[in-house]
Protein chains: 2
Amino acid sequence: MPEFAALASSITHEDISQAFLKGQGSAETPILRLLKESRSNGYDVTCLPLTTAKWRERWRDMCILPSAGGADSEKIAAAEQQAEIWRRAPGFALDEVTISRLDEAEGIVAMISDWLQLDSTDDWLRHDSEIALRQELAYASYLNVLTVILPPPRNRAHVASYARAVNECLKSTPYIQFSIRLPIYDPAVFQPKESPVRRSMDSFSSASSSSTSPRVPKLTIPTSQTKKAKPPKAPEGELNATWEMWDIIRTLCDYNTRLTLTLDLTPPLPSNLAVLSRWTAEPVQHIFLPASTFIANVKGYPVLPKGTQSFIRDSMTHRPTIILSGTSLGSHSKGGESAYSQYVRYLEKTSLSVQAARQAGTVENFAQGYQDFLQTPLQPLMDNLQSITYQTFEQDPVKYRNYEEAIFHALMDWPDSGRIVICVAGAGRGPLVARSLRAIDRSRRQAVVYAVEKNPNAYVTLQGRKDKEWGDSVELLFGDMRQINVPEQADILVSELLGSFGDNELSPECLDGAMRFLKVDGISIPSSYTAHLAPLSSSKLFNEARASKELKYMETPYVVMFQNVNILSGEGGGVGGRCGSQVQECWEFEHPRKDPIVDGRGLPLTNSHNARFSKMSFHIPHAGVLHGLAGYFEAVLYGDVGLSIHPLRKDQVSKDMLSWFPLFFPFRDPLYLPSNSELQVSIWRLTNQRQVWYEWYAESFLPVLNPPLPTEQLDNPLGSDSSFFACASTNVAVPSPLIDAVDAFPHSEKVESGRIDESPKSDAGIVKIGQTALHNPGGRSSWIGL
Amino acid sequence: MPEFAALASSITHEDISQAFLKGQGSAETPILRLLKESRSNGYDVTCLPLTTAKWRERWRDMCILPSAGGADSEKIAAAEQQAEIWRRAPGFALDEVTISRLDEAEGIVAMISDWLQLDSTDDWLRHDSEIALRQELAYASYLNVLTVILPPPRNRAHVASYARAVNECLKSTPYIQFSIRLPIYDPAVFQPKESPVRRSMDSFSSASSSSTSPRVPKLTIPTSQTKKAKPPKAPEGELNATWEMWDIIRTLCDYNTRLTLTLDLTPPLPSNLAVLSRWTAEPVQHIFLPASTFIANVKGYPVLPKGTQSFIRDSMTHRPTIILSGTSLGSHSKGGESAYSQYVRYLEKTSLSVQAARQAGTVENFAQGYQDFLQTPLQPLMDNLQSITYQTFEQDPVKYRNYEEAIFHALMDWPDSGRIVICVAGAGRGPLVARSLRAIDRSRRQAVVYAVEKNPNAYVTLQGRKDKEWGDSVELLFGDMRQINVPEQADILVSELLGSFGDNELSPECLDGAMRFLKVDGISIPSSYTAHLAPLSSSKLFNEARASKELKYMETPYVVMFQNVNILSGEGGGVGGRCGSQVQECWEFEHPRKDPIVDGRGLPLTNSHNARFSKMSFHIPHAGVLHGLAGYFEAVLYGDVGLSIHPLRKDQVSKDMLSWFPLFFPFRDPLYLPSNSELQVSIWRLTNQRQVWYEWYAESFLPVLNPPLPTEQLDNPLGSDSSFFACASTNVAVPSPLIDAVDAFPHSEKVESGRIDESPKSDAGIVKIGQTALHNPGGRSSWIGL
């Protein structure tokens, strides 16, 4: 059984010291012995600190100057001299690093010195931390280390400096993967109150030479478990702040694909909180899970708190590397060192998404390898499909079962007056023909089936099936349903022309042409379909979509099996109660439809009646970055038999249906959405005489409970006579001082008749804060015919 | 005297009818006669409507269906049939257009039918308006019309549909300039209350066949001046809404350079309002100025209200085309038709900016032709300048006058103990040497001047001047000030190494090297300089910066003489009072400086001491789009003699100084900033052993007077046990339900010691709403030496 998570052990400085003592005289280096031990304990990866306490001491002595008070000025000058010499040519002494051979570095994940302060408030500490970071990365690169974990950002106010330094290093260090360690909580909660400045030694005076110091948040392996401190609260704001820091870092690094996250689960997680789902949209490469996060179950074995359990279970399908640390400290009375990794494997086994992926017949299993892979939607009208494509879709057990049910019920409901004519429009290799015959059989009605197909290659397969299986019960007709002549009018028209967004494979246009041979009161299966949208966050899909560089490929929808994504919208209507649900309907197509004006052949004169527009308002409960829209469809085949890939309804309508992955409409420019904001999405289905395509646009708003104050007084600090606008916010139409020039202001007779409903007045309590647009719609579905 | 504004006349349907009647039998067409008349009246351009009332009637009969009530269904069907035939192949009849010959279209500006409703709430009206727009543009293109004016958007809620249609047309119509007519007020103020829907004829039933109808805001030429309606108020929200519509249109059109604005000044303007300055950042191609906007002065001549006067005066340097209309209606008792254009020329003549541009010796005059032109900053350290470059800068009358004053005062303040040594570091062609000699002369002190120069070509000029002008009073030294040996220590070191941002031409680095030969208590002229920033909006500069396509040229600062720009920040500190002033200081360099650690030659070991960082908060009073940062410098030469290009202080410090235009730091991605928001800007001056460069980043926030409500209940509509966060917003640390597992939550001893000052708590009333980042800093100033 393939495993989803990789397991990593974490080697500490203490482990290294002990290995050194134990292995005196051994031919192998202590590090090599530790790595071998880790592998033999079943770990796939080993993490270890890159530098030693010696390095930290030297850096501190050079870069943290004693406070001016009782300091020895000669000593300070000497330290400053040392620092300058170091800054000029940064490098390590042998005892300042843990590894020094290529074989020691093979396959390891190196932890960059966690005491670096890339976001310190002190300019010099920041500056020298960045030089140290570059030095450590250069050394890791020398030893061919492939992945490093960076210390967490700690200071929201200076995180841009952290981000800038990381971006600089990503550019100057070509191959290494950078993973930013980040606790799910705002680390400031853990940070002692102090103002760290380089010119004072005070803040470092209590620091021991151990690998942790009071300056560093205790998010690394805790060494003391006796202190029973109150756990800090983690309100929405704190959770936002942590994610905000990550968002700033990856934005400043321009979504570099070598930049990933190491989520630090040291703080306990709430058991059920929608806000955690935002991490599913981010590149979480590692999950840091110290033994201290485990609690003891009634038998004394280490287990995880409920919230952490479910978070890890849900994360499994993203194939993280889970870094266990402190497993040898004996923090739990039962189970020994291996209990922690066994428990993680148990969580993997009991993860619903892992189970679904491992079980044949599920969408999750069917989609293995296709997750977050951008596929260009099929264009079956323009292109003739391959036999293998038909075969793939014919394997869907649910879709054809539901089609058969729909045809069966339609037959049963049809007046039993002799011979019923069924026409399958777009028969392909014949699955719907076969299902029609079975439905006829079950219904015990008299019926004949016409099978229309325009793909000459599939038509060969159809002829074979007619010869061998169907005989006279089926009549084959070769041609495009928009042009062909069918010998008699059909009672029931069956088609399978739907795409992931319903109409995106031009089902409306094709069925317009087929209406010519459906009786006026005939039945169309499907009888209607709707398109649905939700706002999506996914740094993965954003990067995939822009990978092609060509604009037209950035601005075209894709078929995608979503995995590394998060739907940003929530239920609840928003602060103003004006927003719709989490996933919203855009538009509907119904068949048969009677409104088009048709020509002598019964074909519509233009395709204008198939143009559509929809504008939706989504409530965004938690801050996130909009990267695109998720598109779904739902179809009524007949009566209450349907097909659905709507994420909240698909299991009720057509569970385990495999044929459609959702559609992804990317935005070229990500749009930041704050908590409690409102997102207005516009989408158009457009058409000319040859093509059909979509365009989309989003605008964000923030409800402000009090409308903005008048700002004129602030704008004109020097004073002015602009009293025209002085009572702007009173909403009372007072005469302006200019009104004495009466003739100057002629107005339409309708001026006083009021305002239309869409006037901005109705938005008085809401402020626009951003937008993202589609400039250059690509992906037009060519539309043969007319 | 060159003119700044072009004047356009506006021909109406009535003018055309009258020309037709008057010219019976003439060889020329009525349109050609009208164009000739317009030219002979002194107009540079003529605007005319492209279509006639006949076209409007046909479109209405096809596309606006009678209401279902008493309508004739056969008639409806016929209309629908006609509409479909038209949609299939849109085209005009001869009497539906005003022009049909190439010579009639030459040099005109064509007004697209102003009754088109591209942003109607009705799907069909929108759809058919777009087809009509394409048809009109195709016809204009056929006749080689170069500029069209589009009807104004009228519906904020559907302006994205308007924008999308315009974008589509821009792409399908390659050469025509599109100008969007836009009143400075929200046109909804003028709009009658109705719900226009295609399926009802009611809303059109009162429409006459004249060129205006109740559906169309009366922003075109008013025909009735007798009705004394109250002028509508124009509060901030209304003004924002109009600009917001423009912003959406140009954003959806991706800042297409063929898209401009026709600002409609039909509504009267307030006399002094900062919010109008936003239009200076936009591509205002035309200003529409109907005779009805003019008021009569005491003598009965047409004049403009104060606000409109000053707006037009300020707009003159942007060289707009001012479209006058209704000048022949005789609305004012004196002056006749030509009074209006004469008045506009009078405003041009009395515009302060036009006067400045016309007056020799001003920056405005000096900069003619350089406005908004992006220049790569000089790198005089890396490159040896050309003689012509020196000559240009030597023409500055103010800069060298101030230098002489500074040297004079320094000499006077220096203890009069015999011989004073002045060293000019970077003498170029010698202007500072000459000024030093004049200052010595004025001060009647004994002094000698050393002139150091590393440009071998300029050194030839220096030798010539020494031979002919200076003699023994000056000693020339060839070499780089960071390496050269000067025979004696200087009392006064004079340099002119400043760039537009102060330190951007590496003055700090050069002077570090020159400190070797300045006495410990010597004077440096300049003694200090500061860099200043302000957030900038300019669609022009945004387009200029991205024109190169190459990312590194998008992310590098430019020297620019600003014109088509708007500074977004205001005074006043913002809602929280935490913001600084409109233009803020980033950092300072002082000389002589003593802090660097130097080597045996007296040179700094590294350049770390010249790294800088600054974070500033700006108050944004009115919504706008951030495109970059404006950079300025201010220098203290000596005492109270300085140099400044700071926009609010330059006139006090060094009025009419020509040598420096400001710096422009572009952002690759524009950032929308709402009214009353706060912008936090970070900027870094970075250095390695070879180069110096800047990076910059901005984040926007919106103060919310009430902190966000807890949203957990909304997130989990199905209910959950996530009580962990239920009291998230109460700011009280309550024990979580998980706390019973005590041992699971070890924390650092410092957990309870509080939070540092920068924790997000201090931002409780503020919500992050966006960011824009520099990913790939270009424009590193190479730094020879060390």
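Predicted model: local features only at pLDDT ≥ 70, side-chain atom pairs only at ≥ 80, totals over all residues.
**Exercise 1.** Determine how many residues of helix H10 (residues 306-315) of chain B are buried, and identify them.

*Solution.* Step 1: the criterion for a buried residue is a relative accessible area under 20%. Step 2: by this criterion 7 of the 10 residues of H10(B) are buried, and the helix is mostly covered. Step 3: the buried residues are B:Gly307, B:Thr308, B:Gln309, B:Phe311, B:Ile312, B:Arg313 and B:Ser315.

**Exercise 2.** Describe the barrel of chain A and the pairing of its strands E6 and E7.

*Solution.* Step 1: the strands of chain A run E1-E2-E3-E4-E5-E6-E7-E10 in a closed barrel of 8 strands with parallel pairing. Step 2: on average, and with direction ignored, neighbouring strands of this sheet are turned by 25 degrees against each other. Step 3: strand E6 (residues 259-264) and strand E7 (residues 284-290) of chain A pair in the parallel sense over 4 bridges. Within E7(A), A:His286 stands opposite A:Thr262. Step 4: helix H7 (residues 159-172) of chain A packs on the sheet and touches strands E4 (147-150), E5 (177-183) and E6 of chain A. The direction of H7 makes about 160 degrees with that of E5(A).

**Exercise 3.** Classify the packing of helix H1 (residues 13-22) on helix H2 (residues 30-40) in chain B.

*Solution.* Step 1: the two helices pack at an angle of about 110 degrees, and their axes are 9 Å apart. Step 2: angles of 65 to 115 degrees count as roughly perpendicular, and H1(B) and H2(B) are therefore roughly perpendicular to each other. Step 3: the crossing of H1(B) past H2(B) is right-handed. Step 4: H1(B) contributes B:Asp15, B:Ile16, B:Ala19 and B:Phe20 to the contact, and H2(B) contributes B:Pro30, B:Ile31, B:Arg33 and B:Leu34. Step 5: these residues divide into 6 nonpolar, no polar and 2 charged.

**Exercise 4.** Classify the packing of helix H15 (residues 397-413) on helix H16 (residues 431-443) in chain A.

*Solution.* Step 1: the axes come within 8 Å and cross at roughly 45 degrees. Step 2: this angle makes H15(A) oblique to H16(A). Step 3: the crossing of H15(A) and H16(A) is right-handed. Step 4: the contact includes A:Tyr400, A:Phe408 and A:Leu411 of H15(A), and A:Leu432, A:Ala439 and A:Ile440 of H16(A). Step 5: the residues of the contact of H15(A) with H16(A) divide into 10 nonpolar, 2 polar and 6 charged.

Note on methods:
Residues numbered from 1 in each chain as written. Chains lettered and ligands numbered in written order. Heavy atoms only, no water. Axes fitted to C-alpha atoms, helices over the stretch in contact; angles between N-to-C directions. Parallel < 35°, antiparallel > 145°, perpendicular 65-115°, else oblique. Left-handed = near helix turned anticlockwise from the far one by under 90°. Contact = heavy atoms within 4.5 Å. Nonpolar A, V, L, I, M, F, W, Y, C, P; charged D, E, K, R; others polar. Pairing = 2+ DSSP bridges. Buried < 20%, exposed > 50% of the residue type's maximum accessible area, 1.4 Å probe, protein only.
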